[in-house]
Each structure stands twice: as structure tokens, then as C-alpha cells.
Amino acid sequence: MQNLLGLSHNATLLFWTLLVIVFLVMLIARYKWNPFVTLLLSALVLGLLAGMEYQTLIKSVTGGLGGTLGTIAIVIGLGTMLGKMMAESGGAERIANTLVDRFGEKNVHWAMMLVGFVVGIPVFFEVGVILLIPVVFMVARKTKMPLLQIGIPILAGLSTVHGLVPPHPAPMIAIGAYDANLGKTILYSILVGLPTAIIAGPLFGKFIGKRIQVTPPTELAEQFAAKSVRELPGFAITLLTILLPVILMLMGSVADILDPSGVHAFTPFAKFIGHEVIALLIAAVFSFFSLGFARGFKKENISRFTSECLAPTASIILIIGGGGAFKQVLIDSGVGGAIAAVATQSHVNIIFFAWLVAALIRVATGSATVAMTTAAGIVAPVLAVSTGVNIELVVLATGAGSLVLSHVNDAGFWMIKEFFGMSVVQTLKTWTVMETILSVVGLAFIMLLSVFV
């Protein structure tokens with residue numbers, strides 16, 4: 001089957017991949033199949049069509065699912081507990097009230113973008129979504145604005161930082177591969193990232209929010225809804241609680257940058273408490289006191305809150321795991337390599353080349369981190385023999401390319417779909433378009449900046 005119609009091996013892999021993706025979308029969107037089952041079935045079909053050995057395929061599926069959920073399942077569980085405590089204590093309502101009061105109802109979506117951008121600097125995208133989803137629901141409820149008009153700006157802020165701004169792992173990998181300057185990369189990433197996030201966030205969010213009306217899943221909406229409490233917690237303690245994992249992760253990142261060899265004893269400790277799982281565990285336990293016992297809740301109340309909030313996340317976790325399995329089969333079957341081979345045959349501007357390689361691998365594998373890491377390995381030798389190129393902008397171009405066209409092979413796609421209660425088609429029209437805007441507009445600003453630096 002690998003030599004279908006006389007095509008090359010790479011071309012055949014790409015043909016089967018496209019066919020399976022169409023099959024996947026049709027089963028879910030048209031025939032309403034369960035997404036988790038469909039993702040597993042699609043992964044197996046693609047692996048068989050690509051000629052993978054049976055046992056290798058099974059290991060790829062189980063490894064991809066387990067590898068994806070190894071961290072994300074814990075993050076979702078702990079983050080949901082933190083969100084539940086914010087909701088039950090009135091903390092999410094306090095943040096919503098403060099943002100609306102400071103920015104006004106008409107401009108609160110701009111505040112959402114800044115919140116996403118700031119919170120996203122030290123945390124992974126998935127962690128940021130889990131931390132901020134209660135605030136999104138509460139602000140939308142309070143302002144009566146479309147959910148997507150509030151949610152898209154936060155997602156744009158989080159995603160921009162994830163792809164472009166160090167000390168996120170993917171940009172740091174590219175910085176190391178290209179031997180780029182960290183300080184310059186951070187400066188350029190902010191110059192490029194902020195206007196890009198504005199266009200893909202508040203501006204696109206206002207446009208699409210009026211055209212696609214969605215409501216979050218009932219169980220999640222009720223879970224994160226405002227609760228009848230006698231008095232709302234203070235803004236400072238609420239902000240400290242939600243930003244505690246951010247602060248801890250930032251400490252770990254800064255310690256790693258300042259002392260990469262771990263000479264000082266504090267560095268390993270800072271990196272330990274700065275790991276997303278440990279940071280969220282600390283924050284969740286802290287919330288039991290700051291938003292629980294301090295608000296008059298008894299230990300029975302907190303136990304009940306933290307138990308009942310996990311039930312709605314079960315299907316979300318499984319679907320994300322299914323997306324991870326599909327992504328791993330794409331990688332192990334050689335589709336990522338096929339995309340890279342096609343890209344390296346083109347002769348284009350090195351900045352555009354870096355974007356294109358990362359974009360093609362992102363579309364094939366669904367992972368921004370995999371796309372940026374793989375692209376860095378492909379682009380680095382080409383960059384080494386190029387002259388007159390701003391290396392830091394090549395880092396940003398690689399990051400921008402890694403964000404493009406998130407679709408059904410991306411675990412983040414399914415997370416956003418489930419949390420916002422959207423169909424596959426609605427998620428493609430909103431989340432996928434937003435990610436593509438981030439990527440293309442980001443490339444445009446990078447090319448513009450290259451004229452001056």
C-alpha cells in the first residue's frame with residue numbers, strides 16, 4: 001500500500017494521512033461518533049495504512065496516550081480543584097468583578113488577552129487554560145458577552161507566549177539549536193507577540209464571538225459558576241492563589257537560566273517546585289486554606305468540592321489522550337519525516353523556510369513542541385551556512401510556524417472543544433482559525449522586523 005498509484009513513499013504517507021483525517025472528522029462531525037473511540041480507531045487505521053508492524057503500532061498508540069496524559073491528566077485534575085475552590089469561595093467572581101470595574105464591560109476582552117499573555121509566560125498552555133477557564137466563564141456570565149469573545153483573547157495570549165516567548169521549552173530548544181541570544185529573543189518575541197495576540201485575540205474574538213454562539217458544558221458551567229457566599233474573598237489573596245503556580249514555575253525557569261549547571265543548591269529545589277505538577281499541587285493545597293478554611297468552609301466541604309469536580313473532566317482527559325495517541329502514530333509512522341523532506345527541497349528565505357518547516361510538521365504531528373524541536377534540527381544546519389541572517393528572528397519564525405492550523409491531531413484542539421462545548425466544525429472555525437492567524441500574522445511581523453534588525 002505504500003506505493004499507491006506509483007507515488008513516492010513520502011507522498012503516499014501524506015495521502016493516507018489526509019484520508020484518515022477526513023475520515024476522523026466525518027465520523028465525529030457527521031455521524032456523532034465518540035471522539036475518544038474515533039481517535040483511537042483513526043490512529044490504528046493510519047498506522048496500518050502506513051505499514052507499521054502490529055506490535056509497534058500498539059506501542060505507539062498506548063505510548064502516545066500514556067505519554068500525553070502522564071502530565072496533562074495530573075494538571076487537569078489539580079487545576080480543576082483549584083478552579084473549583086475559586087468558584088466555591090467566590091474568588092473567580094472577585095477577579096471578574098475587578099476586571100470589569102477596571103476596564104469596563106466593553107473593554108474587558110482586552111484585559112483577558114493581557115491576563116493570558118502574563119499568566120502564560122512561565123506555564124504550559126494546558127496549565128494556563130485550566131487556571132483561567134473559571135475566570136472566562138465568570139466574566140462571560142457577568143458581562144453577558146459571548147463566551148468566545150472572552151475566551152479567544154485569553155487563548156491567544158496563552159498560545160502566543162507558548163510558541164514565541166522564552167523560557168518556554170520549545171523556544172529554548174530553538175535558541176540552543178541556533179545559538180541565539182536569549183535576551184534579544186525575549187525582546188523581539190514581545191515586540192512581535194503583543195500585536196499578534198491583539199489581532200488574533202480581542203479583534204478576532206469580537207468578530208467570531210458574534211457569529212458563533214456557544215455555551216460551556218452544563219456540568220462545567222455549574223461547577224465554575226458563582227456560589228452564594230456571604231462575602232467575596234479579597235482580590236489580593238485570590239490573585240495570589242491563582243498566580244502561585246505561575247510564580248513557582250517562573251522561579252524554576254529563572255533559576256535554570258541563571259544557573260543552568262545547577263551549581264547552587266537552590267537551583268534544583270527551584271526547578272523541583274517549578275515543575276507544573278508540583279507547582280499546581282502546592283497551589284491546590286494552598287487554595288484549601290486561602291479560599292477554603294479562611295472562608296469558613298469545613299474539611300467535609302473541601303473534600304466534597306475536590307471530589308465532585310473531577311467527574312466532568314473524565315471525558316476531557318480521555319479525548320486528550322486519544323489525540324496524543326493519534327499524534328504519536330503520525331510521528332512513528334514517518335509522516336513527520338515526510339513533511340520535513342518535502343520542506344527541505346524548497347529554496348526560500350531562511351526565516352520563511354524555518355516557519356514553513358515548523359508549520360508543515362505541526363500540521364502533520366499536531367504538537368507545537370514537536371514541530372519546533374524537529375524544525376530546529378532541520379533548520380540549524382542550513383542556518384549555519386547562511387550569512388546576514390538575524391538568528392533570533394529565525395527562532396521566532398520557527399515558533400510562529402509551530403502554532404499554525406491546530407486541528408484534530410492536536411490534544412489542545414480537543415481540550416478547547418470540550419471546555420467550550422463546541423462541535424468539531426465550530427472548533428475549526430474558532431480555535432483553528434485563531435491559531436492560524438497567530439502563525440501567519442506573527443510571520444508577517446517577524447519579516448517586517450527583519451527589515452530593521
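Leu18, Val22, Phe23, Met26, Tyr31, Trp33, Val37 and Leu41 form a nonpolar patch on the surface, with about 740 Å² of accessible area together. Patches are made of residues with over 30% relative accessible area and no salt bridge, like charges being joined within 9 Å and nonpolar side chains (Val, Leu, Ile, Met, Phe, Trp, Tyr) within 5 Å. This is a predicted model, in which local features need pLDDT of at least 70 and side-chain atom pairs count only at pLDDT 80 or more, while totals for chains, interfaces and linings use all residues. Residues are numbered from 1 along each chain as its sequence is written, and side-chain values use heavy atoms, with hydrogens and water left out.

**Nonpolar patch**
- Helix 1 (9-29) and helix 2 (35-49) each supply at least two residues of the patch; helices (H or I, at least four residues) and strands (E, at least two) are DSSP runs, numbered from the N terminus.
- The largest share, four residues, comes from helix 1.
- Val22 is in helix 1 and is partly exposed, with a relative accessible area of 46%; buried means under 20%, exposed over 50% and partly exposed in between (1.4 Å probe, protein chains only).

**Overall fold**
- The protein has 21 helices and zero strands.
- Of its 453 residues, 56% count as buried.
- The accessible surface comes to about 18,200 Å², of which 66% belongs to carbon and sulfur atoms; areas come from the Shrake-Rupley method with a 1.4 Å probe, and for residues only the protein chains shown count as cover.
- Among contacts (heavy atoms within 4.5 Å) with a separation of 6 or more, residues 24 or more positions apart account for 80%.

**Salt bridges**
- The structure holds five salt bridges, each being a side-chain nitrogen of Lys or Arg within 4 Å of a carboxyl oxygen of Asp or Glu.
- Lys84 and Glu88 meet in one of them at 3.1 Å, N to O; they are four residues apart in helix 3 (residues 54-89), about one helical turn, and both are buried.
- Arg362 and Glu435 form a salt bridge at 3.0 Å, N to O. Arg362 lies in helix 17 and Glu435 in helix 21, so the pair ties together parts that are 73 residues apart in sequence.
- Arg362 is buried at 3% relative accessibility, and Glu435 is buried at 2%.
- Asp410 is linked with Arg362 and Glu435 in a network of salt bridges.
- In the salt bridge of Lys417 with Glu418, the closest N and O atoms are 2.9 Å apart; Lys417 is buried at 10% and Glu418 at 15%.

**Aromatic pairs**
- The whole structure contains seven aromatic pairs; rings of Phe, Tyr and Trp (its six-membered ring) pair if their centres lie within 6.5 Å, with planes under 30 degrees apart counted as stacked, over 60 as edge-to-face and the rest as tilted.
- Phe352 and Trp355 are stacked, at 5.7 Å centre to centre and 25° between the planes.
- Both lie in helix 17 (residues 350-365), three residues apart, about one turn of the helix; Phe352 is partly exposed at 30%, whereas Trp355 is buried at 11%.
- The rings of Phe413 and Trp414 have centres 5.2 Å apart and planes at 80°, so this pair is edge-to-face; Phe413 and Trp414 are both buried.

**Ser439**
- Ser439 is in helix 21 (residues 424-452) and is buried, with a relative accessible area of 0%.
- The side chain of Ser439 reaches the backbone oxygen of Ala400 at 2.7 Å.
- Leaving aside neighbours within four places in sequence, Ser439 is in contact with Trp355, Ala400, Gly401, Leu403 and Val404.

Definitions and conventions: A polar contact is a pair of N or O atoms within 3.5 Å; within protein, one must be able to donate a hydrogen and the other to accept it, and residues adjacent in sequence count only if both atoms are side-chain atoms.
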